[in-house]
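Work through the exercises below with the structure in view. Each task is followed by its solution.

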Amino acid sequence: LSKKKKYKDDKIEVEVTFDGYLPPDEEGRTTKDTFEYEEKFKISWKLTDKVRLYNGGEVSKLQGKQFYKGKVGIEVSL
């Protein structure tokens with residue numbers, strides 16, 4: 001699932017993706033306890049026509065471990 005939307009005359013852009021699945025165990029069975037997912041997001045603000053400030057991250061549960069990653073940066077169009 002992926003969604004992208006713009007707000008405030010395209011000055012703010014929000015992008016969210018989600019992927020989830022039920023991997024089988026060694027015997028080929030799936031249970032709701034083994035649900036794994038990855039969710040990524042990115043929010044960016046237009047500063048000028050060529051410069052955007054963004055905040056991005058990922059929340060996931062893979063192989064029974066939960067993770068969170070985040071970053072802040074600047075995108076420059078040349």
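**Exercise 1.** State which residue in β5 Ser 60 stands opposite, and how β4 and β5 pair.

Solution. Step 1: Ser 60 stands opposite Phe 67 in β5. Strands are DSSP runs (E, at least two residues), numbered from the N terminus. Step 2: β4 and β5 pair in the antiparallel sense, over twelve bridges; two strands pair if DSSP finds at least two bridges between them.

The model is predicted: local features need pLDDT of at least 70 and side-chain atom pairs pLDDT 80 or more, while totals for chains, interfaces and linings use all residues. Residues are numbered from 1 along each chain as its sequence is written, and side-chain values use heavy atoms, without hydrogens and water.

**Exercise 2.** Describe the largest pocket by volume and lining.

Solution. Step 1: its volume is about 180 Å³. A pocket is an open set of points on a 1 Å grid over the protein atoms alone, where a 1.4 Å probe fits, with protein on both sides within 12 Å along at least five of seven lines; the volume is the space filled by probe spheres set on the points, which are joined across faces, edges and corners. Step 2: 13 residues line the largest pocket, each with an atom within 4 Å of a point. Phe 41, Lys 42, Gly 56, Gly 57 and Lys 71 lie nearest its centre. Step 3: β4 gives the largest share of this lining, four residues.
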